[in-house]
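Hi everyone, thanks for coming. Let me put the model up on the screen, and then I'll walk you through it.

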Amino acid sequence: MSQSVTEVARAGRWGAIGVLVFWCAWEAVAFFTGKDAVLPGPRVVLWEFQHGFFGDRGLEYLGIRHSDYPVNLAWTLGTAAVAWLIGSALGIVAGLKAARRQWLRDVTEPVLFVFGAVPVLVAAPLFLVWFGAGPLSKLLLVAFYCFVVVGVVAQSAALNIPPTAEEYAATLGLDSKARFRAVVLPAAFPPIVAVLRLALATGISLEVSAELLGSRVGIGRLIAVRAQQGNVAAVLALAITVGLVALVLDLVIRAATRPALRWQG
Amino acid sequence: MNAFEIRGLTVQYQPGITPLKNLDLDVPNGQFLCVLGPSGQGKSTLLRCLAGLLVPTEGVIRAQGKPVEGPDASRGMVFQQDAIPGWLRVRDNVALGSRSTDEQVAHFIRAVGLEGREKDWPRQLSGGMRKRVAIAAVFANDPDILLMDEPFSSLDHLTRTGLHETVLQLWEETGKTIVFVTHDVDEAITLADRIVIVGRGGVRADVPVTFPRPRGENLRMDVDANLLRAALLESLK
Amino acid sequence: MIEDVGTRRFGVALRTRPRNRALLAGVLAGLVLWQLLSLLVGATTSQGQNVVPPLQQVLTTGITGLSHFYKGGWGPETTLQGAEDSVPLAALAVLQNSLATLVRAWAGYLLAVALGLPIGLAVAAVRPLRQAVSGIAGLLRMLPVLAMSPLFALWFGATTTASIAFVTFGAFWVVLLATANAVNSLPAPLTEYPRTLGLTPLQISIRIVLPAILPALRGALMLAAGTAWACVLASELYGIQSGLGWALNQTLLYTLVDQMVVVAGVFAGLSLASLRLVNCVTGRLTGWSE
Ligand SMILES: Nc1ncnc2c1ncn2[C@@H]1O[C@H](COP(=O)(O)OP(=O)(O)OP(=O)(O)O)[C@@H](O)[C@H]1O
Ligand SMILES: [Mg+2]
């Protein structure tokens, strides 16, 4: 027990050192490149972040009403988070049930088979035409993506539960509903948590890239404009900010699910 | 009334793999029946059919006069393999059954010698201890019939002797029917009212065991017991 | 045999299985649904036919309209030079852009595997190094990678190089992390035993560790392939002037839903086929474990 704690601490220390080394290497490469327009160093990106955080007049001339970070972050991550919640919830239920009911498997199989292998981004243009440039189109797109990713994993997790675990519960008098709650759900929980974390990270990525294609608000919209201006530092600042907020959300998920995963050791 | 009436029981997994063929057997209520047999002769298959986990290819099984249609709490089963859920602490695991009461749970945790380990996760236990958790869970659920598939084969001698006493005590107190699968002849002689040898798809031998209880060590010296042991070993070949 | 009876009647631990019939029925149902939707939307709105074009339109103008994505250089004249829309020209257009996309996706993916696998093996051999790299990857993993494709267009120009570099960037981390983790979770005796036989570390890496982690790597190689296809699409959607993603972006710009559906279908087919291929090849390589 105590050994694993020191092991975790050591991993954390080396992880931090890795990030630090990465930071320094980036600074060094940027320094030797010597052109902030091509490869801005971390300090330039930080400056850009501070400068743009509460909005930028230049962008407002270009017709962007809200150019500050907080509004756009809230917009992008809010949409993605709601979509993630809806899509994942549906995916968990559909995936677990489809592992036990053949008719449901038959219904979900075509969708999971195709979009388990085809990037959902390919449907983004169609969603934009159908549901407009507002948040609805991205919400549906990301929710659909999360549904597929989580559904595939939940299904295979439920298929991989050893049959004796359920049979044992049945001989103890648990009916199928009770077995679902006492056996299927907890047994499939660890892989589901892993895929929920993956779906959140990639779902946000999908949300931002869909905003790149067509949106009036959102971090993706800002990235598109900044990229058109050739402002690498601003693009990096925006992307890294999204990444950091996503990291915080990821930590929240991990903390929230940790008690339920302790049995694995 | 009979706890089980088995008529023409046939199980075919695949063409060519037919561990049970036309097996007939009656198990009266309150009997302690031991099923002996070489490995791979369908003992576990028979028990799974009795529990209602496996639908026979042919034949009928009646429990207390009613056809078996799926597993339920009246027939508890201790599995041959490790089956307890890893995400429930020892106490919650023993309390998993739909009929279990707090009192029974506490009693059987003590009876299998797991006091003080109630808060442990299964991964922190040894294989034998996990087996004892499963046994306690089934006992605490208070089934009418106990199906036990080589429950003690992974335990040390002392623990096993202790659990033999626990099972016998439970059996004498409550008069439950027990079907106990084992490949250990001595264990069968110590526990059973009746020993049935399963082989080549059916019942090879059906022997009543009438030694007075408690049996224990003195059975080793008993001439009749040794004759029975020799006879059983002979028919197991 | 018995399983069928058993699952139907008792079904304690019933397991469903995929059925090709269901797959086929699902595709047919999708087509019928689309047609019904197009009739419904067409009847109720003025722009309906453009928003949900009926199948006959998708299969006619949706295909021939693709002709203008043919950029010339392969013999026939382009639509800009005055050629009429036609099926052969559309076929050329699809071929030309599919080829561009395929090359980018596969080159980027193979590069990512070729870099990620050996680096992953090397990194995994030294524990502090593995933990340091995990720290970096844990951060990079949360970046909105798909939205960073414009960066690569800024760095490399709107070229195939930019696209390949972006695909490699996206898939590399997946392979690297999975390799390092797979090596980490190997049982110790596996490498200790060959060491007692006198194999060198390099020999152990190639002959023992690599085959041993392949089963665990299989999922990661699939994930990386999926990532590669998402990345190639993202890079073509924003900035690059060729490939299926570019064509898709053009159909969005002019709201040509019939052509959009065809292009998306071709892209989906290619990525599906590529992932099947990866699945098949990795399955062959890991055959010993099943
Ligand atoms: N699910 C299954 N599918 C196919 N064949 C099976 C299955 N379960 C058991 N068998 C086969 O049926 C036969 C009897 O198996 P069973 O487990 O009932 O034997 P057993 O008497 O319990 O043996 P042991 O003493 O080793 O536990 C064996 O030949 C086995 O291979
Ligand atoms: Mg058995």
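A word on the ground rules. This is a predicted model, where local features need pLDDT of at least 70, side-chain atom pairs count only at pLDDT 80 or more, and totals for chains, interfaces and linings use all residues. Residues are numbered from 1 along each chain as its sequence is written, chains are lettered from A and ligands numbered from 1 in the order in which they are written, and side-chain values use heavy atoms, with hydrogens and water left out.

Let's begin with chains A and C. Here 63 residues of chain A and 55 residues of chain C are in contact, meaning heavy atoms within 4.5 Å. The size of an interface is often given as the accessible area lost when the parts come together. For chain A and chain C the buried area is about 5200 Å², and carbon and sulfur atoms give 75% of that; this is the accessible area, with a 1.4 Å probe, that two parts lose on being put together, summed over both.

What about charges? There are 3 salt bridges between chain A and chain C, a salt bridge being a side-chain nitrogen of Lys or Arg within 4 Å of a carboxyl oxygen of Asp or Glu. Glu166(A) and Arg15(C) form a salt bridge through their side chains, at 3.4 Å from N to O. Several helices of chain A give two or more residues to this side, including H1 (2-33), H9 (176-213) and H11 (232-261); helices here are DSSP runs of H or I with at least four residues, strands are runs of E with at least two, and both are numbered from the N terminus. H9(A) gives the most, with 11 residues.

Now over to chain B, where 28 residues are in contact with 17 residues of chain A. The area buried between them is about 1900 Å², with 67% from carbon and sulfur atoms. Trp87(B), Leu96(B) and Arg123(B) supply 34% of what chain B buries against chain A, more than any other three residues. The count of salt bridges between chain B and chain A is 1, and the side chains of Arg48(B) and Glu167(A) meet in a salt bridge at 2.7 Å, N to O. On chain B, helix H1 (43-51), strand E6 (75-78) and helix H4 (127-140) each supply at least two residues of the side touching chain A.

Which residues hold the magnesium ion, ligand 2, as protein donors? They are Ser44(B), through OG, and Gln80(B), through OE1, lying 1.9 to 2.2 Å from the ion. Donors are N, O and S atoms within 2.8 Å of the metal, or 3.2 Å for Na, K and Ca; water is not among the atoms, so sites may look incomplete. Ser44(B) is in helix H1 of chain B and Gln80(B) is in the loop between E6 and helix H2 (90-94), so the pair ties together parts that are 36 residues apart in sequence.

Last, the backbone. Most residues other than glycine have a negative phi, and most peptide bonds are trans. Arg213(B) and Pro214(B) are joined by a cis peptide bond, with omega about -5°. Arg200(B) has a positive phi, near 45°, and sits in the loop between strand E9 (194-199) and E10 of chain B. In chain C, Thr255(C) has a positive phi near 50°, in the loop between helix H12 (244-253) and helix H13 (257-285).
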